[in-house]
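My notes follow in the order in which I looked.

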Amino acid sequence: MTSPLASRIALVTGASRGIGYATARALANTGAHIVAVARTQAGLEELDDEIRQAGGSATLVPLNLTDSDGIARLGAALHERHGKLDILVGNAGVAGPSSPLGHIDLKAWNDVIAVNVTANFQLIRCMEPLLKRSDAGRAVFVTSAAASNASAYLAPYAASKAALETLARAWAQETATTAIRVNLFDPGPIRTRMRASVFPGEDPMTLDAPEQAAKFIVPMCAPAWSETGKLFEYKSRTLLSFRGPG
């Protein structure tokens, strides 16, 4: 029996833990070759072991996504090795400081924007030509309800996710007449290290595991997925369209 994503090439950022790790495993289980990108070498090696034990395959890319030239080199390497990219999952993100805006220094702000926004912009620039070479290029960016809730003391994170959503939606419009489909995924509260760092008093066992959310990202990466410019809300299991005010 042929695996649903057999021969597909899938790039997953933030793949060394949490939702990225779980998504990489889930995509590998459906036959995709995983290009796993993360800063943490040990986490990538653990992922590689699990994927190989399950009969899958992966390429490990230790890379800090603030290295824009490194992303460009990755795009060139993928072109040389595979000639295309079928799936891009932009999952990597940082929470940033939990503090009033007036108490946040410029470096902390820039660090959040660099990872959550600029890195994804550079991924789009460098991976779009490869996605266009696929018969069904699929891109999914992991966002957060913080983008619209504008919660106090989480402004850098919230602003970065709002920017990411707008970036993805604009790209979806630009590629609407191509075979590329661009969407967003909001996992809601999930049992991750990032969540625990922001909400240390929360019982993580009351939250869904990353593996549960990842199951819903996989269909968004498949050739059969036809929607673009939408947001899938995991908590309500609903695909949402964006609406302006009024």
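**Entry 1: α1 and α8.** I began with helix α1 (residues 18-29) and helix α8 (residues 210-217), whose axes come within 8 Å and cross at roughly 55°. That angle makes α1 oblique to α8, because angles under 35 degrees count as roughly parallel, over 145 as roughly antiparallel, 65 to 115 as roughly perpendicular and the rest as oblique. The axes are lines fitted to C-alpha atoms, for helices over the stretch in contact, and the angles run from 0 to 180 degrees between N-to-C directions. Helices (H or I, at least four residues) and strands (E, at least two) are DSSP runs, numbered from the N terminus.

I noted the crossing of α1 and α8 as right-handed. A crossing is right-handed if the near helix is turned clockwise from the far one by less than a right angle, and left-handed if anticlockwise. On the α1 side I listed G18, I19, A22, T23 and A26, which meet P210, E211, A214 and I217 of α8. Contact here means heavy atoms within 4.5 Å. The residues of this contact divide into 6 nonpolar, 2 polar and 1 charged. In this count Ala, Val, Leu, Ile, Met, Phe, Trp, Tyr, Cys and Pro are nonpolar, Asp, Glu, Lys and Arg are charged, and the others, Gly among them, are polar.

**Note on the model.** This is a predicted model, in which local features need pLDDT of at least 70 and side-chain atom pairs count only at pLDDT 80 or more, while totals for chains, interfaces and linings use all residues. Residues are numbered from 1 along each chain as its sequence is written, and side-chain values use heavy atoms, with hydrogens and water left out.

**Entry 2: α1 and α2.** I stayed with α1 and turned to α2. Their axes come within 10 Å and cross at roughly 25°, and α1 and α2 are therefore roughly parallel to each other. This crossing is also listed as right-handed. Y21, A24, R25 and A28 of α1 meet G43, E46, L47, E50 and I51 of α2. I sorted the residues of this contact into 5 nonpolar, 1 polar and 3 charged.

**Entry 3: the cores.** Which residues have the most contacts inside the largest nonpolar core? I found L27, I34 and F185, in a core of 33 residues. A nonpolar core is a set of buried Ala, Val, Leu, Ile, Met, Phe, Trp, Tyr and Cys residues joined through side-chain atoms within 4.5 Å. Buried means under 20% relative accessible area, exposed over 50%, and partly exposed in between (1.4 Å probe, protein chains only). The elements that give two or more residues to this core are β1 (9-13), α1, β2 (33-38), α2 (41-53), β4 (87-90) and α8. With 7 residues, α1 gives the most.

I then checked I34, leaving aside its neighbours within four places in sequence. I34 is in contact with A10, V12, A24, L27, A28, I51, S57, A58 and T59. A second, separate core has 30 residues, including V37, F141, L164 and L231.

**Entry 4: α4 and α6.** Helix α4 (residues 106-132) and helix α6 (residues 155-174) pack at an angle of about 15°, with their axes 8 Å apart. The two are therefore roughly parallel to each other. I noted that α4 passes α6 in a right-handed crossing. Among the contact residues are W109, F121 and L131 of α4 and Y157, L164 and W171 of α6. By class, the contact has 14 nonpolar, 3 polar and 1 charged residues.

**Entry 5: single residues.** Is K230 buried or exposed? K230 is buried, with a relative accessible area of 18%, and lies in the loop between α8 and β7 (231-233). Not counting residues up to four places away in sequence, K230 touches V182, N183, L184, L239, L240, S241 and F242.

R52, in helix α2, counts as partly exposed at 47% relative accessibility. Its C-alpha atom is separated by 9.1 Å from that of A28, 24 residues apart along the chain.

Last, I looked up positive phi values outside glycine. S7 has a phi near 75°, sits in the segment before β1 and is exposed, with a relative accessible area of 57%. R237 has a phi of about 55°, is found in the loop between β7 and β8 (238-240) and is partly exposed at 41%.
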